[in-house]
Every structure is written in structure tokens, then in C-alpha cells.
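Subject: Handover of a structure

Dear colleague,

Please find below the structure that I am handing over to you. A short account of the findings follows it.

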Amino acid sequence: MTEHAVVVAGGGPTGMMLAAELALAGVDVAIVERRTSQDLVGARAGGLHSRTIEVFDQRGIADRFLSQGELHRKGLGFHHTISDISDMPTRHSYFLALRQQQIERILAGWVDELGVRIYRGREVNGFAQDESGVDVALSDGETLRAAYLVGCDGGRSAIRKAAGIEFAGWDATKSWLMAEVQVTEEPAWGFREDATGTHAIGKLEHGTGMRVVLTEQERKVGGEPTLSDVSEALIAVYGTDFGAHSPGPITRFTDVTRQAVAYRNGRVLLAGDAAHVHPPMGGQGLNLGVQDAMNLGWKLAQVVKRVSPESLLDSYQAERHPVVAGVLRATMTSVALQRPDERTKALRETLAELMKLDEVRRQVAVEKAGLDIHYDLGEGHPLLGRRMPDVEVATAAGLLRVFTLLHDARPLLLNLGERNGFDIAPWADRVQLVDSRYDGRWELPALGEVAAPAAVLIRPDGYVAWVGEMGGQGLADALSNWFGPPAAA
């Protein structure tokens, strides 16, 4: 029996991000992935939102994605409303168009650099957990032993089902085809609406041909769609299939919307699509999974290393479940707005007018980009529980961005007041203390300008766990709550 501290089932973006976070913390982690390579079938996700790019920036790998993607300063609001997002207070005020195939290859290269072992061409067939760990049975007959098992194995998660975790939500009401095909005729570019729903044809990012998204005449669930299905759907909407041939990826998706009631059962946890599924309107699925992994990774690492009690894992669901529930509501709204009746059309027109108001546009933009996330860490400074702005601070080592100080995934106490004013010796092995100065504005995407803090305690995932000043109340409690009890003198 091979032993690892953590086994991750699923080597997609969520699984690889989680494995990387654990590896950065010095935890022995392994991925079990049914694919023999990182190649994908189907188009899947098409890009990264601002908060996810910030996450990669906090680990020093954002440039790997930016060098291969295409920046768009305008993003989707409601329905087909396109709005400017370039004025959001973040270094990454754009949507990065990048196919999931490329995203996964970049992440695979990173986890390889970090020495993560991947069991390819195998699946988790079952598991049995006890008080000290989990026995994980693989499809080739091998058994792995781990302290924790994390299911990152998609919407049909075998881990979730075997753990007996309820997947509550709503069944599919309609389905769509998404395909990349070559054509012999000039397509009808753009959006089209009819009695069935909304359809769209766009140019491929590279090469010739078109990408289509078509609402199907009748709801279909499962099955492998073919070029014949695409041609029939095109003819039903446009009266022609534009000579469609030489298909690339063809996929079918629905508006099924579900969320795991619990993200954890004992030593088994869920992340990404294994914990929540929704229609791809807004392109937030992959982004949510990466951010799940960022939230869970450092917490699980501390529990595995016995720095923190197991109860720290309870904060994973407490923080991520409400965030994801909000996204699920938003995607259901997007589906509802596609109804072809006159009342829904009137609602769309009203929303389009509202989106012209700057305050509404900005609010929708920060929600879509994931920049409005606020974990409930109690009353206090507006920064508490929110993402730390990536300001450039003056330190003994020169000017440094806050995200640069988070590259090693270590907690950070950033002192912006009197130098040498904090003594965190009992946590010095876990938390880095940096004396610094910053004289600029403090601005949050969802709140605007906020009062300048004297000091902030930043978690490895970039969220602020404490705000105060030298001699202020609560720092020792925050350090203990998030990063374990003080070391013995």
C-alpha cells in the first residue's frame, strides 16, 4: 500500500490547483486522474476572470496564462449586455480569453515543477475511511492510504456519491449544443433569438470556421452529440447549416443546477464541480473551482501537519458555500432571461437600461469577476474577510507588491505603522512579519475607498483575517484561530 498525506481524485484545474497549494505547504499529495494525458475532449471553459488571475498572481504564475491568452476589457453583464470592466480597482481588470486545454497544460507544468505525483490512467473505484485515514482503491487494483481524500472529479463525482453527500438543486429544463466547425458559406454572425431561445455564432480565435451555441428544440440530457445534431439544430434556427463540416469539439450542456449540502464527510472533502454544477453562463465554473482549491489548500495543509485542529476545515464550507450559492442564483437568472416570451423580453430591456447606470454596471462587473467576495469573519474594518488589494509597499528589501509577498503561500502580517512594533515570536515559524509603508489610496472593488489600516493579517489565500494596530485587540486570537496555537516558549 502506497501512502500519501492527501489524495486528490481528479486532475482538472481544481484538482491541480489544490495539489499545488498542498505541495507549496510541504504536504505529500498525489492526484489520481483517469486520463492518460492532459488532453481534453470538448471545448470546456473559455477563460479566466479577474479574481482567478489574482489568485495565480499571488502564486507568481499569472504571466504564464497572460502570455497565452487574449485580454478583453469588456465583459458580460446580464444576458447580452456588454459592459466596460477596465475601471475595476485591480491590476487585472479584464477577462482573459484562454481555452481550458491551455489552462490545464499550464497548471500541469506547475504541479510537475512542485513534484506532485500523478497516477494517470486510473480512477478511484471506492474508499473506506476510519479514524486515522482513508484507504483509496484504484481501478488497477492498487490501494493508496491517505489522511484525507478530496473529490475534484466533476459534476458526476464518484467520490461525492460514495460519501453519501446530497446534491441538492434543480433538474435540467433545457439543453444547448456548443460546437466548433468549418463552413463553406458565410455564417450569420452574432446572436439570434426565436421561440426556442437564444443562439449565437462567433469566429474561432484561431484559424477559420465558427463556434456555435444553439438552444436545442427539445431538452436532451447525456449522449455524445454529433455533427449531424449540429447541422439539424442550425437548419432549425437559420434554415441552413452553412455547409458545416470538419467538426472540432462538440458538447452538450444543460441548465441543471446543484450544490452539495455538505462539502465534507469526515476525511473526505469535495471541491469544484464535484461540489457544485451550474450552466456555463458567465464562464464561472472553472474559476469557482480554482478558488475553492485556494481556500481549502492551506487549511487542509495545516490540519495534516497538525498545526491547526481539524475544526479549521469547517470554515471551508462556511466560506465557500454561500459564495457558490450566489453564483448559482446568478446563472439561473441568466437562463431565465433567455426565455422567448414578451414579458421576459420586457425584463431584459429594463435590465439593459439599468446596466447603463455606472453604479449598476460596476456592481455587476465585480460580481462576475469574483472581486466582491466577502467571508464573514465578524465585525470590524471593511477589509476584514475581503481580498487584500495588491498595493506596492515600501519594505527593507525595496518596493514590493503584496501579491509577491504571498508567492510562498505563507500567512503574512503586514505592518504599515511603527517599525518593529509587533512581536509574533510564538508564530514565527508559520507567519511572516513584514514592516512596510504605503502612502496611496486604499480601494476595494465593492466598497470604494476605505480607511488606511495600521496593520493587516493576510491568510495564504489572500483574504484579510485581522485589521488593527500595535497593541490592538484580537491579533493573538486571530493568529491562533487561523494558524494554530502559539508555540511553546
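In what follows, contact means heavy atoms within 4.5 Å. The model is predicted, so local features need pLDDT of at least 70 and side-chain atom pairs count only at pLDDT 80 or more, while totals for chains, interfaces and linings use all residues. Residues are numbered from 1 along each chain as its sequence is written, and side-chain values use heavy atoms, with hydrogens and water left out.

Threonine 215 is in contact with Lys174, Ser175, Trp176, Thr196, Gly197, Thr198, His199 and Gln338, leaving aside residues up to four places away in sequence. Threonine 215 belongs to strand E16, residues 210–215 (strands are DSSP runs of at least two residues, E; helices are runs of at least four, H or I; both are numbered from the N terminus). Threonine 215 counts as buried because its relative accessibility is 2% (buried means under 20% relative accessible area, exposed over 50%, partly exposed in between, with a 1.4 Å probe and protein chains only). The side chain of threonine 215 also reaches the backbone oxygen of threonine 198 at 2.6 Å.

Helix H10 covers residues 358–369, and its end C-alpha atoms are 16 Å apart, in agreement with the 16 Å that its twelve residues should span at 1.5 Å a residue (the expected span is 1.5 Å times one less than the number of residues). Its buried residues are Arg361, Val364, Ala365, Val366, Lys368 and Ala369. Glycine 370 follows H10 and has a positive phi, near 80 degrees.

Yours sincerely

Note on methods: A polar contact is a pair of N or O atoms within 3.5 Å; within protein, one must be able to donate a hydrogen and the other to accept it, and residues adjacent in sequence count only if both atoms are side-chain atoms.
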